[in-house]
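These are my notebook entries on a structure that I examined one region at a time. I begin with a single residue and then turn to helices, aromatic rings and the core.

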Amino acid sequence: MILMVTGGCSGKQTGEDSSSPQTGSKKEESEVKITVSPQMIGNENASIELVWQPNPPHSLSDSNPKKLEYLTAKATEWAQAHPDVKIKIMDTTTAITESMAKTLVQASSGQAPDMGAIDSFIFPQFYDYVQPIDDVMQEKGIQIDDFYDFAKGVMKPQDETLGLWYTTDVRVLFYRKDLISEAPKTWAEVEKIGNDLKAKGMDAFIYTAARDEATVMSSVLPYFWGQGGTLVNDQGLPVFGEGDNRQYLIDQLTFQKKCIDDGITPSRVVGFGTDPDYIPDVAAGQVGMFVAGNYMSGQLSSVIGEDEFSKMWGVAQIPMKDEGSRVTASGGWVSAVFTKDEEKRKLCADFLISMYVDDEGMAGWCKAGGYLPTRESVYDTDDYFNTDEVMQACREELKYAEVRPSVDSYTKISESLQIMLSDVLTGTSTPEKAVDNAFENAQKE
């Protein structure tokens with residue numbers, strides 16, 4: 001879209017923080033053409049050019065109308081307040097691994113865009129190439145302590161804040177609250193409730209178990225971490241098959257296989273690679289409990305209707321081996337500034353905070369995209385997040401979230417864990433042998 005803005009284009013706008021980076025004070029009487037498109041944001045004749053590489057699903061190239069409406073409005077607002085700035089948008093692939101590898105090469109060679117979005121899982125690998133943004137955060141009233149612990153540790157590894165974790169998710173247990181009076185907190189309770197549901201002809205407990213990263217996030221790591229498990233040592237080398245770690249995996253695989261053998265979990269879960277794969281089963285009323293990312297609430301609501309979803313489904317913590325343990329897994333995206341130019345650095349940080357991170361930005365963006373805020377105060381100040389039952393449950397679970405280690409060995413570890421679970425659930429291997437094989441494979445060059 002192209003907007004025409006005539007007059008009133010001074011750098012300082014009504015209600016705007018006077019300490020924010022400003023430009024354009026000499027354009028009050030001139031006509032400025034503002035462009036907001038998947039390729040560019042701002043005045044094409046502006047003297048300052050910024051290059052932005054967003055995550056495609058979080059950008060103006062996405063097809064979701066709610067996201068586009070929000071992003072277009074916010075980008076227009078920012079561009080009108082900064083008429084001497086144009087933002088050129090750099091395309092990238094939706095294949096995350098490929099995109100992040102390319103961006104890391106660009107950053108290491110000094111060819112990175114001025115700002116970009118980085119998968120939170122690998123953001124620590126970019127620490128040497130991104131610029132601190134504490135000063136702009138302070139000007140915009142954004143406090144690092146408002147972010148959840150799992151995000152703070154990644155955003156601010158030492159003395160400086162290096163990125164903005166602007167959207168996240170969390171793995172939770174969805175359960176039929178019309179059939180289950182209280183969600184199970186332990187594996188033993190899953191088995192008890194599961195047997196009751198099985199007697200009613202239902203698939204009591206399902207999850208992803210195909211060879212996919214979603215399987216590791218939902219069906220391996222929470223159970224492993226919940227027992228105190230550690231994937232890698234301080235050098236980033238695999239240790240999940242040693243000592244207590246080995247026994248933790250054996251115990252959880254034994255539980256998962258028993259659910260298969262007892263008919264609580266259908267064997268077809270080995271064909272579920274992503275959470276939406278089992279929406280048809282859930283929508284048909286066949287499922288009693290399932291583990292998935294919080295985003296399944298929106299997807300399932302769109303299939304069965306919001307009222308029906310609200311009536312039937314509750315959200316709770318992932319059941320652990322023992323009561324008292326509580327761990328889940330989260331992912332998400334971090335925005336960062338690469339440019340070392342001082343004026344551009346501040347403008348980039350200001351733009352990113354406005355779009356995704358300040359009070360209005362984070363609430364608006366997360367509602368539009370179906371994401372979870374990473375700043376806990378947003379759950380108090382926004383009407384949607386402080387009243388929606390699912391959002392409030394997810395808010396609590398985020399306090400117990402852990403993130404995958406950002407080490408070179410993780411890709412091999414993940415692949416090995418995926419095979420491990422599949423082999424046990426299909427009866428190809430025993431839990432003990434599967435763990436040993438996974439550990440051996442993860443250590444291969």
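**Entry 1: Helix α10**

I took helices (H or I, at least four residues) and strands (E, at least two) as DSSP runs, numbered from the N terminus. The model is predicted, and local features need pLDDT of at least 70, side-chain atom pairs count only at pLDDT 80 or more, and totals for chains, interfaces and linings use all residues. Residues are numbered from 1 along each chain as its sequence is written, and side-chain values use heavy atoms, with hydrogens and water left out.

I then asked which residues of α10 are buried. In this helix, residues 296-304, they are M296, S297, L300 and S301; buried means under 20% relative accessible area, exposed over 50%, and partly exposed in between (1.4 Å probe, protein chains only). Seen down the axis of α10, the buried residues fall within an arc of 130°, so they line one face of the helix. The arc is that of the directions from the helix axis to the C-beta atoms. Among the elements that cover these buried residues I listed β8 (171-176), β10 (287-293) and α16 (389-397); contact means heavy atoms within 4.5 Å.

**Entry 2: Helix α2**

I checked the length of α2 next. The 13 residues of α2 should span 18 Å at 1.5 Å a residue, and its end C-alpha atoms are 18 Å apart, which agrees. The expected span is 1.5 Å times one less than the number of residues. S99, M100, T103, Q106 and A107 are the buried residues of α2. Viewed down the axis of α2, they fall within an arc of 120°, so they line one face. The face turned away from this buried side carries the exposed residues T97, E98, K102 and V105. The cover over the buried residues of α2 includes β4, β6 (115-119) and β13 (332-337). Just after α2, I found G110 with a positive phi of about 80°.

I looked at T103 separately. T103 has a relative accessible area of 1% and is buried. Not counting residues up to four places away in sequence, T103 touches Q53, I118 and F126.

**Entry 3: Aromatic rings**

I asked how many aromatic pairs the structure holds. There are 26. Rings of Phe, Tyr and Trp (its six-membered ring) pair if their centres lie within 6.5 Å; planes under 30 degrees apart count as stacked, over 60 as edge-to-face and the rest as tilted.

The ring centres of W52 and F351 are 5.0 Å apart with the planes at 80°, so this pair is edge-to-face. W52 lies in strand β4 (residues 48-53) and F351 in helix α12 (residues 342-357), so the pair ties together parts that are 299 residues apart in sequence. W52 and F351 are both buried.

Y166 and Y356 form a tilted pair, 4.6 Å centre to centre and 35° between the planes. This pair also links distant parts of the chain, with Y166 in strand β7 (residues 164-168) and Y356 in helix α12, 190 residues apart. Y166 counts as buried at 1% relative accessibility, and Y356 counts as buried at 1% too. I recorded that ring pairs link W52, Y70, W78, Y166, F351, Y356, W365 and Y371 into a cluster.

**Entry 4: The nonpolar core**

The largest nonpolar core has 140 residues, of which F205, F240 and F290 touch the most other members. Such a core is a set of buried Ala, Val, Leu, Ile, Met, Phe, Trp, Tyr and Cys residues joined through side-chain atoms within 4.5 Å. Helix α12 gives the most to this core, with nine residues. Leaving aside neighbours within four places in sequence, F205 has contacts including L173, Y223, F255 and M289.

**Entry 5: Helix α18**

Helix α18 (residues 431-442) has twelve residues and reaches 16 Å from its first C-alpha to its last, close to the 16 Å expected at 1.5 Å a residue. I found P431, A434, V435, A438, F439 and A442 buried in α18. Down the axis of α18, these residues fall within an arc of 130°, so they line one face of the helix. What covers them includes α8 (243-261) and α17 (410-425).

Finally, I looked up Q247, which is in helix α8. Q247 counts as partly exposed, at 37% relative accessibility. Q247 and E432 are 185 residues apart in sequence and 8.4 Å apart in space, C-alpha to C-alpha.
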